[in-house]
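Work through the exercises below with the structure in view, and try each task before reading its solution.

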Amino acid sequence: MTYAIEAEGLVKRFRETEALAGVDLAARKGTVLGLLGPNGAGKTTAVRIFATLLRPDGGWARVAGHDVVREAGVVRSLVGLTGQYAAVDENLTGTENLLLIGRLLGLPRREAKARAGELLERFQLTHAAGRAAKTYSGGMRRRLDLAASLVGRPSILFLDEPTTGLDPPPLSNALERGDPHAAASCGTCCAAWSRTGRPPC
Ligand SMILES: Nc1ncnc2c1ncn2[C@@H]1O[C@H](COP(=O)(O)OP(=O)(O)OP(=O)(O)O)[C@@H](O)[C@H]1O
Ligand SMILES: [Mg+2]
């Protein structure tokens, strides 16, 4: 079986800190995997490896069957990532932020605009679409950040502490609309649930 996300013996060290000491996991398509652990447990490190932002020091990881080191380019084309801290451009409006990402991903202008509008509506930001992100509340920024990670219709979505500053409904709505085939999420609020069930958070 090809798992959406799979790892065996994953190790990552930062000097004397062993952030990951042999992590094994597997997530099937159509599921949400929750990585739970206290501060410093290695959740962000694991997600950064799956999203090809960090190289592991040992073990292996595959996303949609592709090795995150040897096939990093393919993996990047399949995944979306919402990091632990919002990464929106404060000086751009909600629409401009999403348009920028759409264009960087190679969408034609018209398509990028339509996708931006659709996602702003989905995350209940239409009323603020023309305002600079710096005027958004913390939760609004987080929603824009989540929307940004979905612009390219990723097959697999990584969410690092997705519920920080966010009410649960926007997140569960986004995952239920059928964009990602699977998601990995970290934080203390989320656990695994099936695509047909309701999230516990
Ligand atoms: N770039 C880095 N350089 C040095 N040490 C790092 C680096 N990134 C992470 N670490 C260390 O690796 C360990 C795991 O960190 P990580 O950020 O993965 O934890 P986390 O589970 O996401 O924590 P939190 O719940 O606080 O977000 C910590 O001890 C951290 O200090
Ligand atoms: Mg973290």
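## Exercise 1: a salt bridge across the chain

Arginine 153 and glutamate 118 are joined by a salt bridge, with 3.8 Å between their closest N and O atoms. A salt bridge here is a side-chain nitrogen of Lys or Arg within 4 Å of a carboxyl oxygen of Asp or Glu. The model is predicted, so local features need pLDDT of at least 70 and side-chain atom pairs count only at pLDDT 80 or more, while totals for chains, interfaces and linings use all residues. Residues are numbered from 1 along each chain as its sequence is written, chains are lettered from A and ligands numbered from 1 in the order in which they are written, and side-chain values use heavy atoms, with hydrogens and water left out.

**Task.** Locate arginine 153 and glutamate 118 in the chain, and find the network of salt bridges that includes Glu118 and Arg153.

**Solution.** Begin with position: arginine 153 lies in the loop between α5 (138-150) and β7 (156-160), whereas glutamate 118 belongs to helix α4, so that the pair, 35 residues apart, links distant parts of the chain. Helices (H or I, at least four residues) and strands (E, at least two) are DSSP runs, numbered from the N terminus. Next, consider accessibility, where buried means under 20% relative accessible area, exposed over 50%, and partly exposed in between (1.4 Å probe, protein chains only). Arginine 153 is partly exposed because its relative accessibility is 45%, and glutamate 118 is partly exposed because its value is 34%. Finally, the network of salt bridges links Arg115, Glu118, Arg122 and Arg153.

## Exercise 2: two further pairs

**Solution.** The side chains of aspartate 67 and arginine 70 form a salt bridge at 3.8 Å, N to O. In the whole structure, a search finds nine salt bridges.
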